[in-house]
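Please read its numbered points beside the model.

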Amino acid sequence: MIIVPTEKRLDWRTTPVVLISILILNTLVFLFYQSNDDKKINDAVTAMHNAGYIEYEWPVFERYLEAQPSREEELDWARQAYDSEQVYWLAQAMLMDRTYYDQLQGEARQVFDEQLYARWRNERPDIQATFESVSSFAYGLKATDVSFTTLITHQFLHGDLGHLLGNMIFLLICGFAVEAAIGHLRFLAFYLLGGILAGVTQVVTNLGSDVPLVGASGAISGVMAMYLAVFRLKRIEFFYWIFCFAGYFRAPALMILPLYIGKEVYQYLFMEGSNVAYMAHAGGFVAGAILIGLSMAFNRNTINDDYIEQEQGISPRNQALADIYSAIENLQFDYARKQLSDLIKREGLDFDLAKIRYNLDKIKAGSAVENSFRELMTQKGMSSTELSQLSRLWMAETSAHNILPTGDQLQLAFRFTKLDDLTAAAGMTDYLYQQKADPRELLLLLQRLSSRFSSQNNPRQAAKYQNYIQQLTREGHDGVM
């Protein structure tokens with residue numbers, strides 16, 4: 001289910017200079033600073049492995065975890081990783097835990113022999129420094145190491161491309177209207193303060209955690225709260241997509257508040273293992289509401305009422321989509337298909353239009369459905385939300401493997417490894433392994449999937465795909481490793 005406000009369209013007469021600057025800065029940081037993170041992690045892990053420090057440090061790391069009853073589950077994972085020689089995950093766990101490393105520095109002289117200690121003392125700090133130079137550890141927000149700098153910088157870092165695109169799209173949807181309504185400087189100040197208070201909320205509710213918080217979602221939750229406060233009970237335009245039904249409707253802006261809260265509470269309670277910082281979302285949302293509320297209480301001119309009251313007509317694209325969705329709801333599928341075809345000719349095929357066409361072709365149950373499925377699955381430039389939808393559509397299509405060529409399946413599986421839910425990626429990888437797909441590309445996919453499961457603290461699945469890698473390597477397909 002998706003419901004997003006579409007009341008205001010970007011108007012260059014009120015150019016959102018702050019919003020555009022934030023979008024550009026986040027993108028540049030991701031492309032030119034964070035792009036080297038994987039190499040830094042791999043260099044540190046490889047150095048740990050080649051020097052033998054994983055094996056030497058394991059008894060100390062095991063005792064360290066045993067001394068903390070709250071980390072019993074992590075201890076079980078670490079033991080499984082050690083027994084199954086999952087060195088990548090184990091080395092990351094050791095390098096990620098700064099408290100462990102500080103403790104080890106005090107014990108190393110006693111637990112290592114003199115020759116090993118001399119080498120370890122010279123080499124290990126450089127390995128740790130390489131790992132901690134990764135963006136999320138250098139400038140992410142950790143409960144064990146809070147500073148004013150990281151309260152700001154964590155808002156401009158992202159975990160992957162899908163994370164970045166998802167956040168920037170939601171910021172764009174709500175941000176330009178809020179900036180036009182409250183002004184550039186106030187928007188910038190409230191955006192940063194909302195992100196800071198979101199980070200503080202996450203820290204307070206996760207005291208002692210070494211896991212770094214990154215992402216703009218806390219600040220964006222604050223922007224969403226400001227959007228609702230700006231429009232309040234004004235009837236605005238919303239776009240909705242629920243199962244195969246979609247369209248536009250007008251309702252009071254605050255109508256979306258219980259839906260947003262309900263979604264966040266449900267995901268917080270029932271989506272175990274998620275790395276989403278729900279408490280940061282909550283803190284940012286409350287912060288945004290308080291900031292805009294206080295500003296409105298002390299300054300009646302906080303909001304540009306003329307901009308808020310200005311009516312806008314529905315865009316040609318939205319009108320065309322509304323006609324298509326209305327035809328679908330009235331079971332006028334041929335008419336909907338014709339309108340959709342005209343819209344694609346005018347604007348080109350994108351993810352939303354490809355998805356509608358695929359669903360219409362499925363209803364018709366003709367030969368065209370296979371082509372529409374292939375074009376949907378090979379769409380580029382999708383957000384994380386769209387990619388999640390695509391993975392569900394893939395798993396729901398019983399003939400998917402027969403429709404999409406193996407090469408396209410390999411590329412799609414790589415894209416699915418970016419998601420938090422790796423079910424689709426794992427299922428596709430298992431199939432491609434059984435079908436003996438191109439071993440050069442398959443090895444890279446297996447390594448990527450094993451690494452992703454390791455990062456999710458799932459050594460069983462990580463070991464499974466490492467075993468696949470070892471099998472292919474024994475068969476002589478190790479040219480790319």
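1. Ile-24, Leu-28, Leu-31 and Phe-32 form a nonpolar surface patch of about 430 Å². A patch takes residues with over 30% relative accessible area and no salt bridge, and nonpolar side chains (Val, Leu, Ile, Met, Phe, Trp, Tyr) are joined within 5 Å, while like charges are joined within 9 Å. A salt bridge is a side-chain nitrogen of Lys or Arg within 4 Å of a carboxyl oxygen of Asp or Glu. Areas follow the Shrake-Rupley method with a 1.4 Å probe, and for residues only the protein chains shown count as cover.

2. The model is predicted: local features need pLDDT of at least 70, side-chain atom pairs count only at pLDDT 80 or more, and totals for chains, interfaces and linings use all residues. Residues are numbered from 1 along each chain as its sequence is written, and side-chain values use heavy atoms, leaving out hydrogens and water.

3. Leu-28, a member of the patch, belongs to helix 1 (residues 17-33). Helices are DSSP runs (H or I, at least four residues), as are strands (E, at least two), numbered from the N terminus. With a relative accessible area of 42%, Leu-28 is partly exposed; buried means under 20%, exposed over 50%, and partly exposed in between (1.4 Å probe, protein chains only).

4. Glu-85 is not a glycine, although its phi is positive, at about 60 degrees. Glu-85 sits in the loop between helix 4 (72-83) and helix 5 (87-96), and counts as exposed at 63% relative accessibility.

5. The chain contains 25 helices and three strands. Of its 481 residues, 47% count as buried.
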